[in-house]
Amino acid sequence: MSLSAFALVASEFMPVSLLTPIAGELHISEGQAGQAISISGAFALLTSLMISAVAGKRDRKHMLLCLTLLMIISGTVVAFAPNYGVFMVGRALIGIAIGGFWSLSAAVVMRLVDSHHVPRALAILNGGNALATVLAAPLGSFLGAIIGWRWAFFCVVPVAVIALAWKIQALPPLKQDVSPISGNIFWLLHRLPVVLGMTACALFFMGQFTLFTYLRPFLESVAKVDTTTLSLILLIIGVAGFAGTAVIGIFIRRNLYRPLMVLPLLMAAIALALVNVGEHVVVTTLLLGLWGLFATAAPVGWWTWLAKTLPQDAEAGGGLMVAIIQLAIMLGAVTGGVLYDARGYQATFEVSAVLLIAASLCALFTARSEGGTSIKVIMRS
């Protein structure tokens, strides 16, 4: 499961480090190439909303095997895509695999281990996510320079094949005796703290990916870095992010909401600083290292918030959060692409900062509303 998480996250964000060569070979703009992130997010969103009803009573092992096979097909289609349209079809397929896997993964892990081992098992699962965050962007940039962007994408396929074979051999049958409740997961939004928290989470991810999706063209055109330096900077971002996930727990235990408010503000400050010092490679590298530290740590806080706020509805809340995060990633990539093509990196980074500030304010409102009254009661009064 952890290996699958690694392959999925690596596949999802591989375009971030390969926008320029993809755009050049497919004869499209860098903003259009960035929509490879948005389309995978769109299909992940739709899948996360539908997967429970589609799964029904089906064996969850079979579902996971089908999703892993879809990941293999996606990587192959993208690697050999003759044009932009086929390339985007391949990206849509990875979106389906992403939405399905993350919606089912936590529930599957909880069935694989005893209850007292669940936290450790989930940590191992997310270890694949963290490792991909560290390696995907710099490795994609490095491999893209040596063997081309197509083979860089295809390198994920053998990893997915190994994960598929491993699941066939290792996973027990995971039959579902009773179909899950297929009601509208949006019923969770009747509570004001949930609405505010989900909104803050969405604004955070949208602000993050408005900027992050277009880092490579920014670094190449403004900081004037070569491929080797680009790979090093992306590696620094990833390593810093890995460190962020390791230390954020200390701060969350002290005060859950403080990191959720402070981290977006720090990222907004970095986005605005990059507008002014982007041509200075050393300063830019330091700022982006801090960006990686904060950006990877913050989602841990939001998943902790979910467990705290919806302890009895964590599965439904998790599906809703996956959908909201994917929608936010899609909107961030679209917004950043339109701004980058029309107004340049300055407008892109400034809008990213505005969204992150809004996320911080919404987290503040969430903290104040926690334990408050539902929206229905507020409207009634």
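T210 touches G332, T335, G336, T348, S352 and L355, leaving aside residues up to four places away in sequence; contact here means heavy atoms within 4.5 Å. The model is a predicted one, in which local features need pLDDT of at least 70, side-chain atom pairs count only at pLDDT 80 or more, and totals for chains, interfaces and linings use all residues. Residues are numbered from 1 along each chain as its sequence is written, and side-chain values use heavy atoms, with hydrogens and water left out.

T210 itself belongs to helix α9, residues 192-212. Helices are DSSP runs of H or I of at least four residues, numbered from the N terminus. With a relative accessible area of 0%, T210 is buried. The terms are as follows: buried is under 20% relative accessible area, exposed is over 50%, and partly exposed lies in between, using a 1.4 Å probe and protein chains only. A polar atom of the T210 side chain lies 2.7 Å from the backbone oxygen of M206. From the backbone oxygen of G332, a polar atom of that side chain lies 3.4 Å away.

I turn now to helix α2. Which residues of α2 are buried? They are L19, I22, A23 and L26. These residues cover an arc of only 95 degrees around the axis and therefore sit on the same side of α2; the arc is that of the directions from the helix axis to the C-beta atoms. The buried residues of α2 pack against α3 (30-55), α5 (84-112), α7 and α10. After α2 comes H27, whose phi is positive, near 60 degrees.

The next topic is charge pairing. Side chains of opposite charge can pair when their charged atoms come close. How many salt bridges does a search of the whole structure find? It finds 2, a salt bridge being a side-chain nitrogen of Lys or Arg within 4 Å of a carboxyl oxygen of Asp or Glu.

One of them joins the side chains of R150 and E25, at 2.8 Å from N to O. Because R150 lies in helix α7 (residues 149-154) and E25 in helix α2 (residues 19-26), this pair ties together parts that are 125 residues apart in sequence. R150 is buried at 19% relative accessible area, whereas E25 is partly exposed at 41%.

In the other, the side chains of E220 and R216 meet at 2.9 Å, N to O. Both residues lie in helix α10 (residues 215-221), 4 residues apart, about one turn of the helix. E220 is partly exposed, at 22%, and R216 is buried, at 8%.

Technical notes
Helix = DSSP H or I, 4+ residues; strand = E, 2+ residues; numbered from the N terminus. Polar contact = N/O pair within 3.5 Å; in protein donor to acceptor, adjacent residues only side chain to side chain.
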